[in-house]
Amino acid sequence: MGLFDKLTVTQHPPDGVSPVPGEELRAALLGLNQSDVPYVIRYGGGEQCDLVAEWRLTEPAWQQVFVQSQITHAVRIRMRLVNEDHELRALEEQWEVSRVGSPTRLQVPPEYTRGPSRTVSREWTLGRGQNGGLEATETFRFDSAELRSPLQDTVLKSGWTWRGVVFGKL
């Protein structure tokens, strides 16, 4: 793996894994959608891509989780399948998020950056442990890798290359 591959988070499938057809990979990625995960994967029609994965920032059931998380960036991954190369090209886009209003809601401005990034937010509470000593307990955790990792794992297990895009077209 070269330096540019590291910068773009490009990963290649393990040796000996035969690539599945593009439609099978698309179905596997869409199959990651679950009601208990903080992201959604959908068709990217009209967004110049095949699929889009993004946080559920606007869904009422998830809004409070994202407000509590203290995240500073919203993330969207646009994906295009290149069947002839067995390669999924992924463009990560981030927006800075601000909290506004009462009750608090998230506001996402139109300016964005591209390229892979990671945001981790944790909340701890201090209390007495069973032995009576002071103990920190993690009460909340949010990691933006929860969006990219399942996508990458599915692509690599399907025998395809995950190619991160920073410059140029998707």
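The model is predicted. Its mean pLDDT is 81, and 71% of the residues score at least 70.

Start with the overall layout. The protein chain has four helices and 10 strands. Along the sequence they run α-α-β-β-α-β-β-β-β-β-β-β-α-β. Among contacts with a separation of 6 or more, 54% join residues 24 or more positions apart. Of the 170 residues, 43% count as buried. The chain exposes about 9,800 Å², and carbon and sulfur atoms supply 50% of that area.

Now go inside. In soluble globular proteins, nonpolar side chains tend to be buried together. Here the largest nonpolar core holds 22 residues. Leu 25, Leu 29, Ile 77, Met 79, Leu 88, Leu 151 and Trp 162 touch the most other members. Helix 2, helix 4 and strands 1, 2, 3 and 4 each give two or more residues to this core. Strand 3 gives the largest share, four residues. A second, separate core has five residues, including Cys 49, Val 52, Leu 91 and Val 165.

Beyond its neighbours up to four places away in sequence, Met 79 touches Leu 88, Leu 151 and Trp 162, among others. Its contacts also include Cys 49 and Val 52, both of which belong to the second core.

Next, turn to Arg 76, in strand 3 (residues 73-82). Is this arginine buried or exposed? Arg 76 counts as buried because its relative accessibility is 18%, below the 20% cut-off. Its side chain makes two polar contacts with glutamates: one with the side chain of Glu 47 at 3.1 Å, the other with the side chain of Glu 93 at 2.7 Å. Leaving out residues up to four places away in sequence, Arg 76 also touches Val 52, Ala 53, Glu 54, Leu 91, Glu 92 and Trp 95. Of these, Val 52 and Leu 91 are members of the second core.

Finish at Thr 154, in helix 4 (residues 145-157). Thr 154 has a relative accessible area of 14%, so this residue is buried too. Which residues does Thr 154 contact, leaving aside its neighbours within four places in sequence? They are Leu 25, Ala 28, Leu 29 and Leu 32. Leu 25 and Leu 29 are also among the core residues that touch the most other members.

Conventions. Residues numbered from 1 in each chain as written. Predicted model: local features only at pLDDT ≥ 70, side-chain atom pairs only at ≥ 80, totals over all residues. Heavy atoms only, no water. pLDDT = per-residue confidence, 0-100. Buried < 20%, exposed > 50% of the residue type's maximum accessible area, 1.4 Å probe, protein only. Polar contact = N/O pair within 3.5 Å; in protein donor to acceptor, adjacent residues only side chain to side chain. Contact = heavy atoms within 4.5 Å. Areas by Shrake-Rupley, 256 points an atom, 1.4 Å probe, with all protein chains shown as cover. Core = buried A, V, L, I, M, F, W, Y, C linked by side-chain atoms within 4.5 Å.
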